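Here is my note on the model, in numbered points.

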Amino acid sequence: MKSKVAFLGLGAMGYPMACNLQKAGYPTLVWNRSADKARRHGSECGTTAVEPEAAAAADVIFSCLPTSAEVAGLVARMRPQLRAGSVWVDCTSGDPEASRQIAAELAKAGVEFLDAPVSGGTDGAAAGTLTIMVGGSKEAYAKVKPYLEAMGKKIIHVGPVGSGHALKAINNTLFAVNLWAAGEGLAALVKQGVDPRVALEVINASTGRSNATENVIPERVVTRAWPHTFKLGLLTKDVGIGMKVLDGSDLPAPLLRLTYEVYQTAKREIGPDADHAEALKLIERWAGTEIS
Ligand code: NDP
């Protein structure tokens with residue numbers, strides 16, 4: 001008999017991920033804080049909208065929420081209905097320490113916890129090509145891998161509970177470094193009279209290239225399209241988690257720490273609900289020029 005699956009949190013990422021689960025042949029129960037979105041998901045993707053208490057009856061429960069705090073809140077709410085032997089898979093870009101506490105709480109109810117944050121953006125979520133990095137027991141990982149395969153392409157077990165979240169936080173901190181650094185460099189080149197399209201053509205055939213120069217800046221900044229897919233507030237949150245990972249490592253890491261300060265400033269000046277690429281609007285403001 002097929003396991004029952006539930007997905008909690010139908011945001012920019014969760015919505016297409018849960019749709020792909022259903023499309024892969026796993027009848028999926030869905031819950032979202034705003035119930036209208038869950039009902040729309042039902043009619044668009046064929047899932048069944050339920051209350052969290054009903055989702056708790058599933059054998060595999062996915063969550064994709066802004067932070068670990070919202071995950072902990074739902075775990076507390078659903079705890080009385082959770083079933084021993086089930087697995088909770090958290091795709092939030094969460095906090096490793098908070099996840100270890102959630103895992104300990106769930107273990108008391110006989111529920112296993114895996115942190116399984118994802119990378120690849122909303123396009124990767126829609127296409128089912130996410131990278132998924134999983135922390136937790138190998139046995140629980142083996143149980144849920146078929147479901148993860150409905151949502152991702154590169155799926156890797158990376159270590160104990162919390163390690164997926166730690167890796168994701170450092171990955172996004174590196175992305176944040178590259179995005180900001182490229183923004184500063186391109187603004188300076190524009191002031192030297194270089195067309196940013198030409199600059200990017202050269203950089204992307206040279207050693208300074210990154211996902212920021214190859215995709216994000218040409219598609220969002222140079223075009224002035226500014227699509228909203230990943231909030232600046234969420235990227236700043238990820239860099240903040242990266243700082244906690246550094247704290248646990250006893251490393252000075254001045255560049256990564258400075259990056260957190262930079263993004264806190266950008267979030268304050270540009271706003272947490274802006275798209276992450278809009279952080280570069282602050283550089284443009286400082287430079288008195290557009291990267292376009
Ligand atoms: P969104 O802001 O688009 O969606 C957030 C989701 O969480 C919505 O379903 C929202 O419900 C729900 N939510 C917000 N607050 C609460 C709360 N207090 N209680 C219950 N539910 C709540 O976020 P994303 O989908 O973009 O991001 C989700 C996670 O995935 C984050 O951790 C993010 O860092 C990570 N991520 C995002 C990527 C992206 O490109 N967007 C890429 C990779 C990872 P409602 O609809 O009611 O507002």
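1. A residue is called buried under 20% relative accessible area, exposed over 50%, and partly exposed in between (1.4 Å probe, protein chains only). By that rule Cys45, at 13% relative accessibility, counts as buried. Cys19 is buried as well, at 10%.

2. The model is predicted: local features need pLDDT of at least 70 and side-chain atom pairs count only at pLDDT 80 or more, while totals for chains, interfaces and linings use all residues. Residues are numbered from 1 along each chain as its sequence is written, and side-chain values use heavy atoms, with hydrogens and water left out.

3. There is one disulfide in the structure, a term used here for a pair of cysteine sulfur atoms within 2.5 Å. Cys19 and Cys45 form it, with their sulfur atoms 2.1 Å apart. Cys19 sits in helix α1 (residues 14-23) and Cys45 in helix α2 (residues 35-45), so the bond ties together parts that are 26 residues apart in sequence. Helices (H or I, at least four residues) are DSSP runs numbered from the N terminus. The torsion about the S-S bond is about -100 degrees, so the disulfide is left-handed.

4. Cys64 is buried at 14% relative accessibility, and Cys91 is buried at 2%.

5. The ligand has 26 residues around it, of which Asn32, Ser34, Lys37, Thr229 and Lys231 come nearest; a residue is near if one of its heavy atoms lies within 4 Å of the molecule. By class, this shell has 10 nonpolar, nine polar and seven charged residues. Here Ala, Val, Leu, Ile, Met, Phe, Trp, Tyr, Cys and Pro count as nonpolar, Asp, Glu, Lys and Arg as charged, and the others, Gly among them, as polar.

6. Oxygen atoms of the ligand lie 2.3 Å from a side-chain N or O atom of Ser34, 2.6 Å from one of Asn32 and 2.9 Å from one of Lys237. Taken alone the ligand exposes 900 Å², and the protein buries 86% of that (Shrake-Rupley method, 1.4 Å probe).

7. Two or more residues of the shell come from each of α6 (121-127) and α11 (232-247). The most come from α11, which gives three. Domain 1 (5-161) and domain 2 (166-287) both give residues to the shell, so the ligand lies between them; the domain bounds come from an automatic or database domain assignment.

Notes
A polar contact is a pair of N or O atoms within 3.5 Å; within protein, one must be able to donate a hydrogen and the other to accept it, and residues adjacent in sequence count only if both atoms are side-chain atoms.
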